[in-house]
Amino acid sequence: MATSAQIWSEEIVEAAGGAVQLVKGGDGDPLLILHDELGHPGWLNYHQALAQDYTLYIPSHSGFGETVRQEWIMNIRDMAGWYLEVLDDLGLDRVNLMGISLGGWLAAEMATMSPQTFKKMILVGPAGIRPPTGEIFDMFLVVAKEFISKGILDPDATSEFSTICPDEPTPELVERWEVAREEASRMSWRPYMHYPGLSHLLHRLKTLPTLVVWGKEDAIVPLSAGQVYQENIKGSRLAVIDNCGHHPEIEKTEEFLQLVKEFLAA
Amino acid sequence: MFIGYFTERPYQDERTGFYGATGKPIMDLTVSNEMFDPILAAGLLNRYLDEKIYAEEMGFDGLMLNEHHNTAFCMGGAMNVEASILARITKRAKIVLLGNIIPIWDDPLWLVEQLSMIDMISHGRLVSGWVRGTGRESVSHNIEPHYNWERFQEAHEFIIKAWTTPGPFRWEGKHYNYRHVNPWAKPYQKPHPPIWLPGVVSRDSLMWAAEKRIPYIMLATELAPTKQAFQLYHDTAAEHGYESGPQNLGYLWKVHVDETEELAEATGRKYIQGPSNPFLEGNEGTVNPALVNLPGLTSRRRVLPTQAVATAARGGGGGVAGVLGRPYEQQIADYTIICGTPKTVIPKIRHVLEYIRPGSIFFWDGDGAMTHDDAMRSLRLMGEEVIPAVREIAKELELPGPFEVNPATGESIDPTPDEASQ
């Protein structure tokens, strides 16, 4: 896949009152992907595979990457409300939604605000819920490289690990991480990486087909939070992938793709 | 010249093996307070207060305190408590707080009340400094590092208004909201106690201080970049339509005086033993890279030459990372530690004063693994020989302090007789 012609492009679009960085690629029904707390990691194998059947929309959140920070945004629900206007301006409606980690939390908040905007929702190791057992690992007490490593159960067996976490990161990558850490802090400093009302608001999603994907050995967001998501979204499915950390889309790409493709095609 | 005394009040406990002269490395957030011994700490807290009281007797103009949290290198987790005690017990010296970490409190109105009380109890001897705090402060009291600078500025504006505007009034800001501001405690000094700002790294803070005509104190930075930072202050002042001078600038660094050169060296080496502050230039210690680079705490691009020098020395890059220690010999060579008998120390202090031209200086002593006896010997010799000599040098070099020349106007201040402050 890595050798095939590039099927994605990156542009800056005007949306919701500012410049938004948007990576777009593939062909088919739109699939909106919300990146995690360290920003869009680049076009990975799972993007390439999903782009065969879907048109991927991967914006950078307010302040992340090249997207201009909206200074008024002070928490995740401000971000979610702003993002719904971004979707309006991009003409995205009844869209499939996927969110990863902090992006999964953001996706869930957006869906609770406007369930009718989305066709199906996939949450991958989402933050957002205070886990009944265990704690969400504190990303701000370690440097970015250590945080990424913590999110992968077996880096040696993960072919894209050196892509997302090179031994010698370029200054540009370090800068991207630092920008992302600051913006993630603005979303999640306290209470850390969760919003107490979310578990109750999730009840509104009973008509939104939802797949929750979790690595069984996730050391960032404990699996117990996934069970809360599953229990509070009626009709949702929690798929747990064995021998896998916080990023099944990177660490167990084939299993992840099979789950996602089946869910979206059903 | 204004001459102050400072020690960081380290938690010295030889029994644990972590602290004191054993010098085991410590890193922020890796040491549990399980080993904290309040009986030992009671002795240390009283020792440090006693040393401050003796410093006043020995002729110091200012007794400086600082505050850190969740760390063994500074026991002053509630500095205003220490200041309150000094306010009652001492008679003449200014109580210089450098400073309260205003962004990390959700209730700055409580600071308005505390500081007003200290100013009243001391009959107007409070110098009220502000700091932004390091990463450990934001983590310890769980305040958003990315709003540190915004909260700093808003808290400052709020406190000044609460000190100077008759209440009640309402405050609806971005970070602070009060429905009824009417503190039944107001400062003794009018319009309010002097505000000073100490700093190490941030260009934003220095320029803010210069714009507001607030004296700026550099903390234990190397001399050449300190001089550059002072020039930035003067340039910023000129841009804002006034001429700053020595009265606007201060410098804190390590000075220890002893009875013989041999004793001075043996004692001076204790500066870099024990739980000294790894954040400040020249200390040994292991910094936690995530903590000193907390997201949004300090602008990654707007740092002072002091930080640029430290960064370059480590091979550059990495943003606002921590400052690693330098050997004792190197610190002696570059004057960031001055150590010796009065005879050898005084010319070195003169060199520092000539080179960076501050109006306020603070001798940082009695730290690391130094004992009470070490601190008291030095204080006595400072009082007997060093302070009188430094005052003469400052006169010759024309280095007025902020109580001789008004930092905001450049005008001379008439000396007023000491008030009876009993």
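Tutor: Let's begin with a definition: a residue is buried if 20 or more other C-beta atoms lie within 10 Å of its own. Now try it on B:Ala220, which has 24 C-beta neighbours inside 10 Å and therefore counts as buried. Keep in mind that what you see is a predicted model.

B:Ala220 is a handy place to start. You'll find B:Ala220 in the loop between β8 (216–219) and α7 of chain B. Its backbone is worth a look too: B:Ala220 is not a glycine, yet its phi is positive, about 55°.

Take α6 (residues 203–212) of chain B as one partner: α6(B) and α7(B) pack with their axes 8 Å apart, at an angle of about 40°. Angles of 65 to 115 degrees count as roughly perpendicular and those under 35 as roughly parallel, and the angle here makes α6(B) oblique to α7(B). As for handedness, the crossing of α6(B) and α7(B) is right-handed. Who does the touching? On the α6(B) side it's B:Leu206, B:Met207, B:Ala210 and B:Glu211, and on the α7(B) side it's B:Ala229, B:Leu232, B:Tyr233, B:Thr236 and B:Ala237. Sort the residues of this contact by class and you get seven nonpolar, one polar and one charged.

Next along is helix α8, residues 261–268 of chain B. Its buried residues are B:Ala264, B:Thr267 and B:Gly268. Looking down the axis of α8(B), you'd see these buried residues fall within an arc of 100°, so they line one face of the helix. And what lies over them? The cover for the buried residues of α8(B) includes β9 (249–257), β10 (337–340) and α13 (372–397) of chain B.

Let's step back to the whole chain. Chain B has 13 helices and eleven strands, and 50% of its 422 residues count as buried. Take the contacts in chain B between residues at least 6 apart in sequence: 76% of them join residues at least 24 apart.

A few backbone spots elsewhere in chain B deserve a visit. B:Arg9 is not a glycine but has a positive phi of about 60°. It's in the loop between β1 (2–6) and α1 (38–57) of chain B, and B:Arg9 counts as buried because it has 26 C-beta neighbours inside 10 Å. Then look at the peptide bonds. The one from B:Lys190 to B:Pro191 is cis, with omega near 5°, and B:Pro191 belongs to the loop between β6 (177–181) and β7 (195–199) of chain B. The bond from B:Leu98 to B:Gly99 is also cis, with omega near -15°, and B:Gly99 is part of strand β3 (residues 94–101) of chain B.

Key. Residues numbered from 1 in each chain as written. Chains lettered and ligands numbered in written order. Predicted model: local features only at pLDDT ≥ 70, side-chain atom pairs only at ≥ 80, totals over all residues. Buried ≥ 20, exposed ≤ 12 C-beta atoms within 10 Å, placed from the backbone. Helix = DSSP H or I, 4+ residues; strand = E, 2+ residues; numbered from the N terminus. Arc of directions from axis to C-beta. Contact = placed C-beta atoms within 7 Å. Axes fitted to C-alpha atoms, helices over the stretch in contact; angles between N-to-C directions. Parallel < 35°, antiparallel > 145°, perpendicular 65-115°, else oblique. Left-handed = near helix turned anticlockwise from the far one by under 90°. Nonpolar A, V, L, I, M, F, W, Y, C, P; charged D, E, K, R; others polar.
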